[in-house]
Structures are given as C-alpha cells and as structure tokens.
Amino acid sequence: MVQLKSAREIEVMAEGGRILVATLEHATRAVEAGLSTWELDQIVESFIRAHHGAVPAFKGLYGFPGSACISVNHEIVHGIPSRQRILADGDIVTLDIGVKYRNYYTDSARTVPVGRIDAPSARLLEVTQASLEAGVAQCEPGKHLGDIGHAIQAVVEAAGFSVVRELVGHGVGSSLHEEPQVPNYGKPKRGLALVPGMTLAIEPMVNAGRAETKTLADKWTVVTADGSRSAHFEHTVAITEDGPRILTRAA
Ligand code: MG
Ligand code: MG
C-alpha cells in the first residue's frame with residue numbers, strides 16, 4: 001500500500017533531506033585519488049551523526065556494513081566500503097546515502113569524478129543526471145509511474161546508454177523502501193497515478209554498455225555484466241499540488 005504523507009511529515013523529510021544534501025556535498029569535496037572507500041564511508045558517517053537526531057539509514061539495514069553504498073566504475077550500486085579499495089585518478093565513484101531523521105528517511109545518490117575523467121565517463125554522468133531531472137519533472141498529480149520511467153528511458157537511450165532494469169526506485173518515508181516500485185523504464189500514462197502526498201526515490205542507474213547486471217560473491221555489489229561503467233543519480237521527491245518538490249536538492 002502506498003503511504004501518503006501529510007504536509008508536516010513532508011517538512012520533517014525536507015529537514016532530513018537538507019542534512020543528506022550537506023552530507024553528499026561534504027563527501028563529494030572529500031573524494032580524491034588515494035582515498036579508500038572505507039575512509040570515505042567514515043567521513044559520511046561522522047558528518048551525519050554530527051547532526052542531532054540524524055543517523056545513517058543504510059548502516060545495518062538488511063545487514064549492510066557501511067553508512068554509504070560506494071560503487072566504483074563498473075559497480076552499479078551497493079558497493080561495500082573497503083580499506084582495500086583505493087580511489088584512483090580517472091575513476092567515477094557513486095555515493096548513495098540514506099539519512100534517518102526523526103523517524104523519516106530520505107535517500108539520494110550521485111556519481112562523481114575522481115580527478116580527471118575521460119570524455120565518455122563525463123558524458124555518462126551528464127546523461128544520467130539529465131535523465132533524473134527528466135523523471136522528476138514528471139512527478140506531478142495526474143501523471144503516472146510510467147511517465148517517470150518513460151522520461152528517464154528516453155533520455156538514456158537517446159544517448160546510446162542502457163537503463164538497468166533489475167533495480168528500481170521506490171516509495172520512501174517512514175521506511176527506506178516503501179511501495180510503489182518506480183522503474184526507470186516504462187510507457188506513458190501507464191501504472192499507478194501520482195497524487196499529492198506521495199514521496200518517491202527516483203533513481204536512474206545507467207550503464208555505458210549493455211543493461212545486464214550481475215552480483216558479486218560478496219552478495220551485495222551489483223556490477224555491469226559487460227564491465228562497462230555505470231552511473232547513478234537519485235533524489236527523494238514529494239508530489240505536491242504544485243508539482244515535484246525535490247527534498248534532496250543542493251541549495
Ligand atoms: Mg539510494
Ligand atoms: Mg533508493
């Protein structure tokens with residue numbers, strides 16, 4: 001069942017979202033060659049916990065060991081922070097972070113460059129971010145889940161990239177993962193109708209090569225089957241009478 005949020009609940013989520021954005025900005029500034037993904041995770045965790053009432057939502061969730069999912073290059077999502085994984089110049093690194101604040105969750109991700117990246121990687125990041133913006137633009141009453149997925153898919157495929165299908169966006173609020181599922185592909189006017197009070201995590205995962213994925217032996221890290229690079233951008237968005245309200249937008 002889709003849980004609609006009151007205006008008050010959405011304000012609490014917006015407060016948590018501001019902490020999450022600040023965390024992402026802080027972590028992005030820390031990204032550099034030579035840093036381990038474990039160190040990056042420590043930076044994320046201590047920054048979140050410095051805000052009264054905020055905790056890293058991913059830590060311990062379903063048994064995940066880190067505060068952030070940190071996925072490098074051909075890793076799509078759910079990378080486990082590791083002392084052995086050292087960022088190198090030219091890498092792309094996805095920071096996927098959840099904040100639980102006053103019992104409400106927000107969820108946001110971005111892929112950032114490490115030092116200088118090649119042109120195809122830069123384009124992958126640009127297109128994935130643009131696909132997120134296109135999906136978010138559909139988040140208004142009267143539209144459907146299929147409109148969101150279709151808008152994302154159109155931007156991605158026009159650029160010659162692939163949408164990951166096995167992983168989807170989701171409702172978010174009093175749990176990190178709520179109904180409905182929000183696929184990053186679809187047909188216009190299909191699926192659940194959007195109404196005010198819905199809060200959705202919209203999160204295109206885009207592969208430079210083919211769409212297929214596989215999961216590593218650690219049972220967490222999802223990678224591209226063909227080894228191509230992958231990017232991921234995510235916002236938590238409230239559907240309002242006036243259209244989309246992004247709760248995790250940088251100021
Ligand atoms: Mg996320
Ligand atoms: Mg999510």
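No disulfide (a pair of cysteine sulfur atoms within 2.5 Å) turns up in a search of the whole structure. Cys69 is buried, with a relative accessible area of 5%, and Cys139 is likewise buried at 0%; buried means under 20% relative accessible area, exposed over 50%, and partly exposed in between, with a 1.4 Å probe and protein chains only. The model is predicted, so local features need pLDDT of at least 70 and side-chain atom pairs count only at pLDDT 80 or more, while totals for chains, interfaces and linings use all residues. Residues are numbered from 1 along each chain as its sequence is written, chains are lettered from A and ligands numbered from 1 in the order in which they are written, and side-chain values use heavy atoms, with hydrogens and water left out.

**Three-stranded sheet**

- An open antiparallel sheet is built from three strands in the order β6-β10-β13; helices (H or I, at least four residues) and strands (E, at least two) are DSSP runs, numbered from the N terminus.
- The edges are β6 (162–163) and β13 (230–232), each with a single partner strand, so one side of each lacks a neighbour in the sheet.
- Strand β10 (residues 205–207) pairs with β13 in the antiparallel sense over three bridges, where pairing requires that DSSP finds at least two bridges between two strands.
- Within this pairing, Val206 has Ala231 of β13 as its bridge partner.
- Helix α3 (residues 119–137) packs on the sheet and touches β10 and β13, contact being heavy atoms within 4.5 Å.
- The direction of α3 makes about 35 degrees with that of β13; axes are lines fitted to C-alpha atoms, for helices over the stretch in contact, and angles run from 0 to 180 degrees between N-to-C directions.

**Helix α2**

- Helix α2 (residues 37–49) has 13 residues, which at 1.5 Å a residue should span 18 Å, and its end C-alpha atoms are 18 Å apart, in agreement; the expected span is 1.5 Å times one less than the number of residues.
- Its buried residues are Thr37, Leu40, Asp41, Val44, Glu45, Phe47 and Ile48.
- Viewed down the axis of α2, the buried residues fall within an arc of 165 degrees and therefore line one face of the helix; the arc is that of the directions from the helix axis to the C-beta atoms.
- The cover over the buried residues of α2 includes α1 (7–30), β1 (54–56), β2 (68–72) and β4 (92–101).

**Helix α4**

- Buried positions in α4 are Leu145, Gly146, Asp147, Ile148, Gly149, Ala151, Ile152, Gln153 and Val156.
- Among the elements that cover them are α3, β6, β8 (178–182), β9 (199–202) and β10.
- Gly160, which follows α4, has a positive phi near 85 degrees.

**Hairpin and cis peptide**

- Strand β7 (residues 169–171) runs antiparallel to β8, joined by three bridges, and the two form a hairpin with six residues between them.
- Gly171 has Glu178 of β8 as its bridge partner.
- Pro180 lies in strand β8 and is joined to Glu179 by a cis peptide bond with omega about 0 degrees.

**Positive phi outside glycine**

- Tyr62, in the loop between β1 and β2, has a positive phi near 55 degrees and is exposed at 61% relative accessibility.
- Asn103, in the loop between β4 and β5 (104–113), has a positive phi of about 70 degrees and is exposed at 54% relative accessibility.
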